[in-house]
Amino acid sequence: MQVPEYALIVAGGSGSRMQRDLPKQFIELAGKPILMHTIERFYLYNPEVRLVVVLPQEQLSAWRALCRQHNFKLFHMTVAGGPTRFASVKNGLAAVQGEEALVAVHDGVRPFVAVATIQAAYQAAAAYGSAVVAVSPKDSIRELTPEGSRAVPRANYKLVQTPQCFRAGILRRAYTQPEQEHFTDDASVVEQLGEEVVLVEGSYQNIKITTPEDLFLAEAFAREGL
């Protein structure tokens, strides 16, 4: 029997770092909002994937209007998010049924995630219970110390992306914990349970669009058809 696959697409951003009034997930890229491109990637991977889009309560009506305006017909549920990313993922998880389902949590403003990356994440989560997409840093890294800073071996570090994919039972149990300051992503929440976090190779094209510079790069990728 095929295990159900869910994608929680979390889009809680404002336009502040983008220096715009429009929430960044609604900014147009190649003729339609960034969030629509992101949803399409998961649909391309699996038309049967159960899509749950988590947005701030005050943005839900604007999103519905955008879907009508762009004749966007890909079926998805919408869920109101919370005051933090942790609370938003927890709200989205309430729409997931079953403990064995696979749940990918993905940033709504990462519209260039490769279908092969999504597939690898689900496959690793099915095998190991978790899968976190990450890439190696390109730049040298320095660690801040009380004395100043020191060079650290770049090979010992990974830059974390999304999707982050887990068996539903593991993720649900993780999100029963009280929220903590070091919970910066789903992997850190799951790791707190003592669960192993398995890494899956990502891509440098899987950018998170948060600043005007990111948008310039995204427009270049869109022109190239990436």
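Predicted model: local features only at pLDDT ≥ 70, side-chain atom pairs only at ≥ 80, totals over all residues.

Student: Why is the pair Glu143 and Arg150 called a salt bridge?

Tutor: The closest N and O atoms of Glu143 and Arg150 are 2.9 Å apart. The cut-off is 4 Å between a side-chain nitrogen of Lys or Arg and a carboxyl oxygen of Asp or Glu, so the pair qualifies.

Student: What makes Glu143 count as buried, partly exposed or exposed?

Tutor: Its relative accessibility is 33%. Buried means under 20% and exposed over 50%, so Glu143 is partly exposed.

Student: How do you know whether Arg110 and Asp107 are buried or exposed?

Tutor: Arg110 has a relative accessible area of 9% and Asp107 one of 8%. Both values are under 20%, therefore both residues are buried. They form a salt bridge with 2.8 Å between the closest N and O atoms.

Student: Which network includes Arg110?

Tutor: Through shared partners, salt bridges join Arg110 with Arg85, Asp107 and Asp186.

Student: What makes Glu195 and Arg173 a link between distant parts of the chain?

Tutor: Their side chains form a salt bridge at 3.0 Å, N to O. The two residues are 22 residues apart: Glu195 is in the loop between helix H6 and strand S11, and Arg173 is in helix H5.

Key:
Residues numbered from 1 in each chain as written. Heavy atoms only, no water. Buried < 20%, exposed > 50% of the residue type's maximum accessible area, 1.4 Å probe, protein only. Helix = DSSP H or I, 4+ residues; strand = E, 2+ residues; numbered from the N terminus.
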